[in-house]
Amino acid sequence: MQLHEFLGRVQERGNIDSKDQALNAVRATLETLSERLKGGEPLALAAQLPVALQGYVGVGQGERFDPDEFCRRVARREGIDEELARSHAEAVLNVTQEAVSSGEIRDVLAQLPREYHSLFGSGSRHRPN
């Protein structure tokens, strides 16, 4: 998936006003996801995303925090309230699961407790390869 398509989908699904705001939502969500996942998993995920987004992802820190804390961190990074941050994170993660292979989404979800799966939308259902 190309960057403009990725951002357009995030913008539409997250009801975000501009591409710049959509990019900010993507950055905040991917940075937070990198904190939650362990080891090289965030980098494996990023390798399948548009190149311009790959810099938002680092080696996973494997911090343990729940989805509410995930959304609080996204909110802080975006400078918005938590309810809106949840909507943005869901949009970003939903588009991410469409942009990468089903095997990669399975690997990501395998590191996350079930309560995170709803943030991914239909990506929480393990699709066949």
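## Exercises on a predicted 129-residue chain

Buried residues, meaning those under 20% relative accessible area, with exposed ones over 50% and partly exposed ones in between (1.4 Å probe, protein chains only), make up 48% of the 129 residues in the chain. The model is predicted, so that local features need pLDDT of at least 70 and side-chain atom pairs count only at pLDDT 80 or more, while totals for chains, interfaces and linings use all residues. Residues are numbered from 1 along each chain as its sequence is written, and side-chain values use heavy atoms, with hydrogens and water left out.

**Exercise 1.** Work out which pattern the chain follows along the sequence, and how its radius of gyration stands against the globule rule.

*Solution.* Begin with the elements, which are DSSP runs numbered from the N terminus (helices H or I, at least four residues; strands E, at least two): the chain holds six helices and two strands, and read along the sequence they give α-α-β-α-β-α-α-α. Next, take the radius of gyration over C-alpha atoms and the globule rule as 2.2 Å times the number of residues to the power 0.38. The chain has a radius of gyration of 13 Å, close to the 14 Å that the rule gives for 129 residues, and is therefore as compact as a globular protein of that length.

**Exercise 2.** Describe how helix H4 and helix H5 pack, and which residues make the contact.

*Solution.* Two packed helices are described by the angle between their axes and the distance between the axes. Here the axes are lines fitted to C-alpha atoms over the stretch in contact, and angles run from 0 to 180 degrees between N-to-C directions. For H4 (residues 67-78) and H5 (residues 82-99) the angle is about 100 degrees and the axes lie 8 Å apart. That makes H4 roughly perpendicular to H5, given that angles under 35 degrees count as roughly parallel, over 145 as roughly antiparallel, 65 to 115 as roughly perpendicular and the rest as oblique. With contact meaning heavy atoms within 4.5 Å, the residues involved include Phe70, Val74 and Glu78 of H4 and Ala85, His88 and Leu93 of H5.

**Exercise 3.** Decide whether Val92 and Asn15 are buried or exposed, and place each of them in the chain.

*Solution.* Val92 lies in helix H5 and is buried, with a relative accessible area of 0%. Leaving aside residues up to four places away in sequence, Val92 touches Phe6, Val10, Ala25, Val26 and Thr29. Asn15, by contrast, sits in the loop between helix H1 (3-13) and helix H2 (19-36), and is exposed, with a relative accessible area of 69%. Although Asn15 is not a glycine, its phi is positive, at about 50 degrees.
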